[in-house]
Amino acid sequence: MIALIQRVSEAAVRVDGEVVGEIDKGLLVLLGVEKDDDEAKSKRLVERVTTYRVFEDDEGKMNLNVQQVGGKVLVVSQFTLPADTKKGTRAGFSRGAHPSEAERLYEHFADLCQTVLPTERGRFAADMKVSLVNDGPVTFWLQV
C-alpha cells in the first residue's frame, strides 16, 4: 500500500463540477492499493501518515505531524501509484489490487483516518479533478 502525501494549505476534489471533498491545512493523501494489501497494512499506513512529521515547529524544522498542527486529511484513490514504470514507455498495472478490493481497502483506510482526525475523501474510480496548494512544496512517498 502506497501513500503519496503532500503538505497542503488547501486541497479539494471535484467530480462533475461538484466538490466532494475539501480541506484547508493538512495532508492530501494519494492512496495506491497493491495486490496482497490487507487491513493490517492499511492500519500501519494510517499510523505512518497521521504521525509523519512534515509540519514545521517554531524553529522551522519539520518536527510536527498533521495531528499536532490541527490539520485534516483528504484521501484520494490513485490506481496509478502501484504502476510498473521500470521499462518501456507505457505503465503496467499488474501490481495493483483488483478494483473491488482496492475500493474496500481505500474506504477502510479513510475510515481509519477519520478515527484519528477530520478526514475528507474523493470518490473511488470517479473522474476526479484534484486541486491543491502544496505548502513548501513538501511531498513524501510512504509505503508499507
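**A guided reading of the predicted model**

Pro 137 is found in strand β8, where strands (E, at least two residues) and helices (H or I, at least four residues) are DSSP runs numbered from the N terminus. The peptide bond that leads from Gly 136 to Pro 137 is cis, with omega near 0°. This is a predicted model, in which local features need pLDDT of at least 70 and side-chain atom pairs count only at pLDDT 80 or more, while totals for chains, interfaces and linings use all residues. Residues are numbered from 1 along each chain as its sequence is written, and side-chain values use heavy atoms, with hydrogens and water left out.

Two loops deserve attention. Asp 16 lies in the loop between β1 (2–15) and β2 (18–23); its phi is near 55°, a positive value in a residue other than glycine. Asp 57 occupies the loop between β4 (55–56) and β5 (62–64). Apart from neighbours within four places in sequence, Asp 57 is in contact (heavy atoms within 4.5 Å) with Asn 63 and Leu 64. The C-alpha atoms of Asp 57 and Thr 139 are separated by 17 Å, the two residues being 82 residues apart along the chain.

The helices come next. Helix α1 (residues 39–51) packs against helix α2 (residues 99–116) at an angle of about 40°, with the axes 9 Å apart. Axes are lines fitted to C-alpha atoms, for helices over the stretch in contact, and angles run from 0 to 180 degrees between N-to-C directions. Angles under 35 degrees count as roughly parallel, over 145 as roughly antiparallel, 65 to 115 as roughly perpendicular and the rest as oblique; α1 and α2 are therefore oblique to each other. Residues of α1 including Leu 45, Val 46 and Val 49 meet a set in α2 that includes Leu 105, Phe 109 and Leu 112. The residues of this contact between α1 and α2 divide into 8 nonpolar, 3 polar and 3 charged. Here Ala, Val, Leu, Ile, Met, Phe, Trp, Tyr, Cys and Pro count as nonpolar, Asp, Glu, Lys and Arg as charged, and the others, Gly among them, as polar.

A pocket is an open set of points on a 1 Å grid over the protein atoms alone, where a 1.4 Å probe fits, with protein on both sides within 12 Å along at least five of seven lines; lining residues have an atom within 4 Å of a point. Of the 20 lining residues, Ser 77, Gln 78, Phe 79, Phe 124 and Ala 125 lie nearest the centre of the pocket.
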